[in-house]
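Morning, everyone. Please look at the screen.

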Amino acid sequence: MRKLIALPFLVFFTSLFAQDIKIDKGWKFKTGDSPEWSRPTLNDSDWKSIDVGKYWESQGYQGYNGYAWYRIHFIIPSTIKEQAFLKEKIRIDLGKIDDGDEVFLNGFFVGRNAGSNSDITQGPYDATRTYTIPINDRRILWDKENVIAVRVYDGGGDGGMYEGRYGISAADITDYIVINTNDNPFQFADKKVSKKIILQSTSEKYDFTGKLRIEITDPVSGASVFKQTIGTDFAINRPFEYTYKTALPELKSYDINYVFLEDRTKKEIVVKESIPYVLTPVATAAPRINAPGVFGVQPGSPFLFRIPATGEKPLSYEATGLPAGLKLDKSSGIITGSLESKGNFKVKLIVKNKIGSSSKNFTIVCGDNVRLTPALGWNSWNCWGLSVSDEKVRASAKAMLDKLADHGWTYINIDDGWEDKHNEQGQILTNQKFPDMKGLCDYVHSLGLRIGIYSSPGPWTCGHFVGSYKYEEQDAKTYADWGIDYLKYDWCSYGDIAPKQPSLDDFKKPYIVMKEAMRKNKRDILFSLCQYGMGDVWKWGAEIGASSWRTTGDIVDTWTSLSEIGFSQDKSAPYTSPGHFNDPDMLIVGKVGWGPKLHNTRLTPDEQYTHISLWTLLSAPLLIGCDMSQLDEFTLNLLTNDEVLAINQDALAKPAKKIFDKNQVQVWTKELEDGSTAIGIFNLDNKINKQNIDFASLKLSSTLKLRDVWRQKDLGSFTKGYNVSLPAHGVLLLKTASMKR
Ligand code: GAL
């Protein structure tokens, strides 16, 4: 289980120093615990090899919780010391470790990352581990073999060393230099891309001069497409800002390196990123309704639906065939009211503006299931972590209304960090960051949007806030009174309540208790199970009334995390049905960070297209995990492509199936209500992949009319197969012409 603590944010996390000794490969691993395992002389030849870039769960230690040790042998050359300008400290970078760790160099203690009680069972799992020791310390053996031993404890969920930079370097004045690529987005205008970058010093003592080289290269040919060198001069309160602007030969991603050569040390600091490219066409001025074609509500529950429509404002809304009990506000497009009895109601939604009008059939299904298509919304966790507040939630709701709601986005979900305690009457109270939860819910509803909250069936949440254990009925009532529309219910400390080896019934029990408690109130609350897939939750989530269930541990913004989660979802795919969805965790596009400091997602632009395309095909809830008040043009393009979203919101609610897997190319297909098929062709390779996709191997007819969904462009008719050229970790999302089945 992850226990969370606010962490310092390393702005220079992408920097690379040419002088580093890499220790990212060659690690040995053993579960268990012994003080002997820190000794350099220990014979660890029978220890298993391990990749420190991935959790131990994905490397043969599924479900392992407790202590484990990592060891690595390496030489530290004295050239590191000789080349250092400062000659003060040696820095050991060990990436991120879940939960806590203790580090030993040649048997001597170096440092620990632990919780507030100095116990490594409560480590700040998301903190980047950097340990320093004096350069003349006797623990370092220059030009000889050294051994680092890392003792780790994990309390539950994913565990171990899992991502980051692994190296030994001399801490130097260059550590005070930040190449800030984070504060300003890429901008696209007049067929040119531009971006402002900032060089900053974090030292009171050192000013810097040097040369900044900006190099853009083609990721396929390696050819240089832009190169510029600029003289720079900066100090702590005197940053150096530079905006580059250039046309690029093709509509695709390019690699960019910012290389700063520091005058005094002659050291180079390199920051790399990829230039994004926008595929989604701008929405036209003519009106267009983007609603899902179907919407579920329970009898007697308050109805709230904002008709999502794009087009030049002002828009006016109409609805024919609205059943008794519902009414439409013609200027805002918000439908409210409630339905008394079960039934299917066929409604026609109409939207008009000065250019024209457009209509869409919309079926309201009043029954046992709510919403019916996957939730489209936002959740505070991947950006704000425990620093979420009323103010941030309101800003998010406002941003959703202004930029996303017209495309169907509707949920604003507060994750962990809002809770205080249960009072003497057993009522859950909010902490000082949420002074008026009812007022906040009313505000979100006034925008025509919906609001979600988070709790745990255990006494404590994963962030160590109070959970719902033994207060389920009162909490469910409070949520309904506030006007909550979505509950994420996270196992966390329920692990201490459940038997050590839980049976299937033990896994189900806390969720059934909360569902029953919620049934006592007349309110449609989407019930989102979060227990990381235990007990094959996809096999029983629907039966206990869940709207969605997490199928995995937590996602982070890396390709390893994204691809391991996303491409393993076929096991749970058959269990998706209208109103019941697999949840492979929240989106990691845009500015994320688990709060309070944020960074640009570390996924490349092509990985982000893959992420959205795959989640869309999987019929997964799409929960934006970034700060929506800082949505840049590229991220907006990912989240507002109505043809992509329509695949996710398709009324059939069929999940995609993996139909082809060869030479690092996977093809996933999803049947759609209109008889057409959505096809995602994914390149899992880290280089360009050219292939002929044979229609027969996809079990599709031999002649297909294809449409490129991201570009919203018909490609024509193809017989037998289609040639693709996919960028590294990239995707082509296609749709066949509709054929009523
Ligand atoms: C984790 C959960 C995350 C987030 C966090 C809050 O267990 O998977 O999505 O909710 O707890 O503490």
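**Cysteines and rings**

Cys462 and Cys492 are both buried. Keep in mind that this is a predicted model.

What joins Cys462 to Cys492? A disulfide does, with the sulfurs 2.0 Å apart. The torsion about the S-S bond is -105°, and the link is left-handed. Where do the two ends sit? Cys462 is in the loop between β33 (450–455) and α5. Cys492 is in the loop between β34 (486–490) and α6 (504–519). They are 30 residues apart, so by the chain this link connects distant parts.

How many disulfides does the count give? One.

Cys383 is in no disulfide. Its nearest cysteine sulfur belongs to Cys626, at 6.7 Å. Is Cys383 buried or exposed? Buried, because its relative accessibility is 0%.

Cys530 is also in no disulfide. Here the nearest cysteine sulfur is that of Cys492, 6.7 Å away. Cys530 counts as buried too, because its relative accessibility is 2%.

On to the rings. The count comes to 36 aromatic pairs. I will show two.

Phe29 lies in strand β3 (residues 27–31), and Tyr70 in strand β5 (residues 66–75). The two are 41 residues apart, and the pair links distant parts of the chain. Both Phe29 and Tyr70 are buried.

My other pair is Trp418 with Tyr479. It is edge-to-face, at 6.4 Å centre to centre and 75° between the planes. Trp418 is in the loop between β30 (411–413) and β31 (419–422). Tyr479 is in helix α5 (residues 472–482). The separation is 61 residues, and again distant parts of the chain are linked. Trp418 and Tyr479 are buried.

Last topic: charges over rings. Arg71 lies over the face of Trp47, 5.8 Å from the ring centre. Lys392 lies over the face of Trp384, at 4.5 Å from the ring centre.

Notes
Residues are numbered from 1 along each chain as its sequence is written. This is a predicted model: local features need pLDDT of at least 70, side-chain atom pairs count only at pLDDT 80 or more; totals for chains, interfaces and linings use all residues. Side-chain values use heavy atoms; hydrogens and water are left out. Rings of Phe, Tyr and Trp (its six-membered ring) pair if their centres lie within 6.5 Å; planes under 30 degrees apart count as stacked, over 60 as edge-to-face and the rest as tilted. Helices (H or I, at least four residues) and strands (E, at least two) are DSSP runs, numbered from the N terminus. Buried means under 20% relative accessible area, exposed over 50%, partly exposed in between (1.4 Å probe, protein chains only). A charge sits over a ring if NZ of Lys or CZ of Arg is within 6 Å of the ring centre and within 35 degrees of the ring normal. A disulfide is a pair of cysteine sulfur atoms within 2.5 Å.
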